[in-house]
Amino acid sequence: LSFSITLFFSSAAYSAAGLQLTQHSHIKHYLDTPDPLHLVCEIADEPRVKDGKTITLVHVRSMSTSDDSLCTDGDALLTIVLDKRVGEKSKEFSYGSLIAFNGTLSAPISSRNPGEFSYRKYLELNNIFATAHVFGYSHVEVISEGTPNWFFAHIIFPSKHFVLQVINSAMTGDAANFLIGLLLGDRTDMSADIKSAFVNTGTIHVLAVSGSHVVLVVAIIYTLFGLIRLPERSKIIATILGILYYMELTGATPSVVRASLMAIVVLLAKLFQQRTNVYNSLGVSAVLLLVYDPLQMFDAGFQLSYAAVFSMVYFY
């Protein structure tokens with residue numbers, strides 16, 4: 001109990017320090033400037049293209065005016081809109097590329113009424129402090145290919161493309177989007193009617209990757225390596241690597257990270273021939289997640305995921 005209280009207040013202190021005591025070069029100090037800036041950004045995630053619009057996460061490297069320039073730090077959500085008036089075509093951007101454009105960094109929309117959902121606070125919990133909009137692909141210049149993370153560039157994103165290609169070749173429309181949501185937790189392309197149907201029937205959690213998905217992945221990998229007579233130690237290590245791979249493939253949401261870390265704790269206990277306790281496994285996963293990102297303490301997904309698992313185990 002003492003450790004949990006200490007962890008909670010440490011997370012709160014880290015949150016206050018991270019949001020208020022930022023460096024002078026952080027982009028949050030340069031939001032909504034009256035004049036446009038020349039921004040140089042690194043694409044920090046795989047761009048998503050839909051209906052002539054590209055949305056991606058960028059890390060702002062520098063900003064400059066006609067008089068001065070500054071190396072900056074901080075992430076922003078960039079939206080590039082197709083300019084149909086000049087008949088231009090959408091341009092493809094790759095993860096890790098350095099791009100440049102003229103524009104302003106805007107503060108995300110906050111809640112208009114007390115108690116409403118705040119898009120600004122939601123983005124800040126994910127370390128995103130600004131939004132930027134560019135009208136026309138011709139106004140975005142690709143400077144270089146950059147140095148993307150090798151694991152994501154050559155393993156995670158190609159694997160995701162392969163899964164999407166296989167699903168889209170076998171089915172189309174809402175059926176394909178449903179399966180993508182079921183496997184990867186990506187509900188972006190799912191129609192509003194289908195989402196409403198799941199919400200109204202109280203089954204939207206089926207489309208959220210969580211513990212049941214991780215259990216299936218562990219069972220499949222562990223069984224397959226068992227069929228080829230892999231030694232127990234190698235089988236456990238291979239299963240742990242498979243869990244980490246699937247966790248990153250699905251976006252590493254709090255529910256997936258929680259289930260993955262709990263599964264890894266159980267497998268490590270089996271590896272070292274130790275008895276496991278579900279409360280300890282749950283606690284270890286929470287501590288590791290909060291050590292990596294203390295802001296998750298204030299995320300609704302983190303709170304509900306751990307509260308639900310704790311309640312189910314306790315009442316069971």
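Predicted model: local features only at pLDDT ≥ 70, side-chain atom pairs only at ≥ 80, totals over all residues.
Residues are numbered from 1 along each chain as its sequence is written, and side-chain values use heavy atoms, with hydrogens and water left out.

Helices (H or I, at least four residues) and strands (E, at least two) are DSSP runs numbered from the N terminus. The protein has 10 helices and eight strands, and its C-alpha trace spans about 65 × 50 × 40 Å along the principal axes. Of the contacts with a separation of 6 or more, 64% are between residues 24 or more positions apart. The protein exposes about 18900 Å², of which carbon and sulfur atoms supply 61%; accessible areas come from the Shrake-Rupley method with a 1.4 Å probe, and for residues only the protein chains shown count as cover.

Gly211, His213, Val214, Val217, Val218 and Ile221 are the buried residues of H6. Viewed down the helix axis they fall within an arc of 160°, so they line one face of H6; the arc is that of the directions from the axis to the C-beta atoms. Turned away from this buried side is a face with the exposed residues Val215, Leu216, Ile220 and Leu227. Just after H6, Arg229 has a positive phi of about 60°.

Elsewhere, Leu1, Ile5, Phe8, Phe9 and Phe298 make a nonpolar surface patch of about 540 Å². Patches consist of residues with over 30% relative accessible area and no salt bridge, like charges being joined within 9 Å and nonpolar side chains (Val, Leu, Ile, Met, Phe, Trp, Tyr) within 5 Å. Ile5 lies in helix H1 (residues 2–20) and counts as partly exposed at 43% relative accessibility.

The whole structure holds four salt bridges, each a side-chain nitrogen of Lys or Arg within 4 Å of a carboxyl oxygen of Asp or Glu. Arg61 and Glu42 meet at 2.3 Å, N to O. Arg61 is in strand E3 (residues 53–64) and Glu42 in strand E1 (residues 37–43), so this pair ties together parts 19 residues apart in sequence. In the bridge between Asp186 and Arg48, the closest N and O atoms are 2.8 Å apart. Asp186 belongs to the loop between H4 and helix H5 (192–200) and Arg48 to strand E2 (residues 48–50), so the parts tied together are 138 residues apart. Lys270 and Glu232 pair at 3.9 Å, N to O; Lys270 is in helix H8 and Glu232 in helix H7, 38 residues apart. Through shared partners, salt bridges join Glu232, Lys235 and Lys270 into one network.

The accessibility of the paired residues is as follows.

| Residue | Relative accessibility | Class |
|---|---|---|
| Arg61 | 40% | partly exposed |
| Glu42 | 15% | buried |
| Asp186 | 23% | partly exposed |
| Arg48 | 34% | partly exposed |
| Lys270 | 45% | partly exposed |
| Glu232 | 36% | partly exposed |

Methods. Buried < 20%, exposed > 50% of the residue type's maximum accessible area, 1.4 Å probe, protein only. Contact = heavy atoms within 4.5 Å.
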